[in-house]
Amino acid sequence: MDGATFFRPTQNWNGEQVRFMTAGSVDDGKSTLIGRLLLDSKVLMRDQAAGLDGDADEIDLAALTDGLEAERAQGITIDVAYRYFATPRTSFIIADSPGHEQYTRNMVTAASVSDVAVIVIDVARVEQGVLRPQTRRHAAVAALMGLNIIVAVNKMDLVGWSQDRFDEVRGAFNDVAGILNIKNIAFVPVSAKRGENVVHRGGPDWYQGPTLVELLEGAPRKQSLATAPLRLPVQVVLRDGDTRLYAGRIESGAVKPGDKVRVGPGAFAATVAHVRVGGAGVAYAEVGASVAVELSEDRDLAQGGVIADTEVRYARRVVADLCWLDENAWVPGRRYRLRQGALETQALIEEIRFVRDVSNLDNVPSSELKLNDIASVQVAARDPILADAFAELPGTGAFVLFDADTNQTAAAGMIREIVQ
Amino acid sequence: MRLAYDTERGALMSGGALETHASLAAMARLDRLEAEAVYILRELTHYARPALMFSGGKDSAVLLHLALKAFAPAKPPFALLHIDTGHNFPEVLEFRDQRAAEAGLKLVVRGVEESIRRGSVRLASETASRNAAQAVTLLEAQQEFQFDALIGGARRDEEKARAKERVFSHRDAFGAWRPRAQRPELWGLYNRHLAAGENMRIFPLSNWTEADVWAYIAREKLALPALYYTHDRDVVRRDGLLFPITEITPPRADERVERLPVRFRTVGDITCTCPVESFAANAEDVLLETLTASVSERGATRMDDRANAAAMERRKLEGYF
Ligand SMILES: Nc1nc2c(ncn2[C@@H]2O[C@H](COP(=O)(O)OP(=O)(O)O)[C@@H](O)[C@H]2O)c(=O)[nH]1
């Protein structure tokens with residue numbers, strides 16, 4: 001066999017992986033779109049597609065994303081479901097969150113593990129340039145979570161692929177995006193049901209842009225954090241004889257032997273002696289890598305501490321956006337466990353500054369915080385936490401709160417300002 | 001994500017090379033998946049008595065390899081646990097024992113047979129599938145050793161019921177999975193907390209697909225039981241599947257035994273694990289076949305899952321993985 005042309009799958013397996021979430025108002029066609037992505041990218045295996053054969057128009061693509069028995073019985077999706085498909089260049093993970101109004105919590109969860117958000121809008125249901133409240137809500141959450149957005153303007157077949165109607169949706173979305181300060185948005189006209197511009201090209205002459213999959217492959221993802229300041233939260237301290245190795249995942253920046261760092265929370269100066277991955281020495285590792293780092297100096301650094309660049313700052317009080325995830329509403333004075341990186345400490349919500357009404361994007365004064373609320377709050381922590389803004393350092397600018405009594409995950413937080 | 005191994009140090013230390021590399025923001029999929037799995041495994045230090053489910057199958061071989069990487073040069077801080085149905089392929093058990101010994105980790109084996117003897121499990125027939133009975137034996141082993149966290153190799157791409165599973169899946173004292181009580185998981189800031197009597201199931205391979213697993217086995221040159229690669233075997237054709245003929249799974253009167261080149265895609269209970277026709281002799285071959293396969297892994301090979309579309313979901317509710 002000709003060695004030069006022989007297909008070596010393991011070598012071709014080094015393409016990128018893109019993780020994206022999907023959101024859409026109920027019935028806008030989100031499930032159909034996911035089914036279409038899976039079907040046309042040929043990831044659907046024969047048995048999974050069983051029952052889907054038949055007239056192309058009759059295929060119930062939405063049934064593919066169907067899941068748990070309990071949910072089926074109730075006819076609703078109550079959670080985030082993950083789907084997998086691949087193109088020759090890229091493999092994808094879809095975090096599918098439901099469009100149901102009260103499930104902001106699920107969308108926040110899906111957004112937190114995604115690089116990009118695909119928002120599905122039924123073109124026929126945008127009237128007089130006004131988006132549906134759920135769509136505005138989805139845009140607001142994506143913006144809050146720092147995701148870039150691809151808008152799939154769906155059911156274009158129902159409006160005869162009218163460019164005017166497409167532009168109307170684009171204009172309406174851009175108005176909302178302006179208020180939310182979203183910068184990276186791409187629009188694509190599709191028919192999820194028939195497949196045009198999802199994986200395969202099709203539709204009108206007036207649109208010559210990329211298909212949805214092409215947009216995802218080349219999506220403006222979250223900016224690369226490789227050149228950002230180093231944040232390496234220490235998950236565990238490993239021992240090699242007398243040597244101590246600080247193991248964790250790089251949340252931003254990069255690390256190599258010889259780097260000057262500060263190790264915290266005391267922010268003591270130190271030097272990186274060696275970096276290992278899976279036991280082997282490496283000359284360089286960057287954001288996303290799980291490493292073990294050896295320091296030249298003996299420093300007081302334990303699980304929950306951080307290896308960071310020399311400019312690192314810590315704080316005990318921050319202003320954050322909080323999405324409340326727990327059925328139990330917030331109780332003033334109640335203590336929660338705060339997790340940032342590998343650190344867990346006690347925290348107190350000192351003040352609710354305002355709650356964001358995500359359907360009309362207003363800030364309203366409030367003294368309560370309940371399931372699905374998104375609020376701006378002031379949080380105080382018992383131990384110093386990294387003073388990182390979520391917009392610049394999403395890995396460590398994010399935190400979660402756990403209820404210390406029920407162990408429930410109570411809230412997702414994004415640091416916006418440092419108080420002290 | 002980008003790494004430069006020491007061999008590349010020279011090139012890297014000249015500033016030019018660094019700059020060109022630094023503009024690459026590509027996250028090669030296997031590196032991203034490996035780093036994520038290592039991160040998840042290191043989260044396990046939160047628990048007092050964690051165990052890694054180790055059957056000798058390919059997913060558990062990958063898990064063990066990742067665990068060794070996660071804690072190198074130290075040993076992973078957990079035991080290996082196998083719930084033996086008593087219907088396993090001998091070469092898989094041999095591989096299991098050998099890998100456990102090489103890794104220097106304690107291997108705990110508890111058998112469904114023992115539960116049957118104790119009376120906590122009763123089977124409909126001697127040759128009935130024992131997959132369902134595993135849940136009982138698993139809970140018994142968990143109580144015996146007070147395991148508070150069990151690491152499993154399940155993947156979300158395996159079937160619909162798994163698609164919504166958490167990485168940290170919280171179970172009550174009966175090991176049962178309650179879909180409505182699962183906690184949201186954000187940013188990898190996992191909620192590891194347990195109340196007394198509860199335990200956690202952890203799935204570091206959640207985001208891997210079958211193809212990813214084979215690509216990783218090929219890249220890392222992992223050893224596997226020979227059953228995963230092509231070999232000649234006596235089989236019969238039954239319900240559209242190939243059914244292996246062994247001592248405990250004889251052919252039916254009207255069936256014709258054939259000898260075919262086959263490999264197994266999973267190596268569970270002999271009574272319900274079926275091979276597929278294949279000439280794949282190594283992991284790269286299998287990856288190629290996987291990329292062009294038209295029948296999903298469990299559908300092709302597990303009789304008991306096919307029996308009911310929601311079988312797996314029910315088993316999860318009952319406390320099986
Ligand atoms: N004509 C047309 N109908 C569509 C299209 N996409 C989805 N639908 C239909 O819209 C309805 C709602 O779709 P579904 O995917 O269940 O919406 P979801 O609630 O957003 O998941 C179904 O009857 C679909 O068949 C499309 O592109 N064109």
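How many bridges join strand β5 (residues 149-151) of chain B to strand β7 (residues 199-202) of chain B, and do these strands run parallel or antiparallel? Select both stretches in this predicted model, and you will find that three bridges join β5 of chain B to β7 of chain B, the two strands running parallel. Within this pair, I151(B) has I202(B) in β7(B) as its bridge partner. In general, the strands of a sheet pair through backbone hydrogen bonds, in either a parallel or an antiparallel manner.

Now widen the selection to the sheet around these strands. In chain B, six strands form an open sheet whose order is β4-β3-β2-β5-β7-β6, with mixed pairing. At its edges are β4 (107-111) and β6 (168-171) of chain B, each of which pairs on one side only. If you look from one strand to the next, neighbouring strands of this sheet are turned against each other by 30° on average, when direction is ignored.

Stay in chain B and turn to charged side chains. Next, display D59(B) and K58(B), which form a salt bridge with their closest N and O atoms 3.9 Å apart.

Move on to chain A and select D309(A) with R231(A), a salt-bridged pair in which the closest N and O atoms are 2.9 Å apart. D309(A) sits in the loop between β15 (306-308) and β16 (314-324) of chain A, whereas R231(A) belongs to strand β7 (residues 231-233) of chain A, so the pair ties together parts that lie 78 residues apart in sequence. Both D309(A) and R231(A) are buried.

For the last stop, select R416(A) and D321(A), whose salt bridge brings the closest N and O atoms to 2.6 Å. This pair, too, links distant parts of the chain, with R416(A) in strand β22 (residues 409-418) of chain A and D321(A) in strand β16 of chain A, 95 residues apart. Are the two partners buried or exposed? R416(A) is partly exposed, at a relative accessible area of 29%, whereas D321(A), at 2% relative accessibility, counts as buried.

To continue the tour, display the salt bridges over all chains, of which the structure holds 42.

Definitions and conventions:
Residues are numbered from 1 along each chain as its sequence is written. Chains are lettered from A and ligands numbered from 1 in the order in which they are written. This is a predicted model: local features need pLDDT of at least 70, side-chain atom pairs count only at pLDDT 80 or more; totals for chains, interfaces and linings use all residues. Side-chain values use heavy atoms; hydrogens and water are left out. A salt bridge is a side-chain nitrogen of Lys or Arg within 4 Å of a carboxyl oxygen of Asp or Glu. Helices (H or I, at least four residues) and strands (E, at least two) are DSSP runs, numbered from the N terminus. Buried means under 20% relative accessible area, exposed over 50%, partly exposed in between (1.4 Å probe, protein chains only). Two strands pair if DSSP finds at least two bridges between them. Axes are lines fitted to C-alpha atoms, for helices over the stretch in contact, and angles run from 0 to 180 degrees between N-to-C directions.
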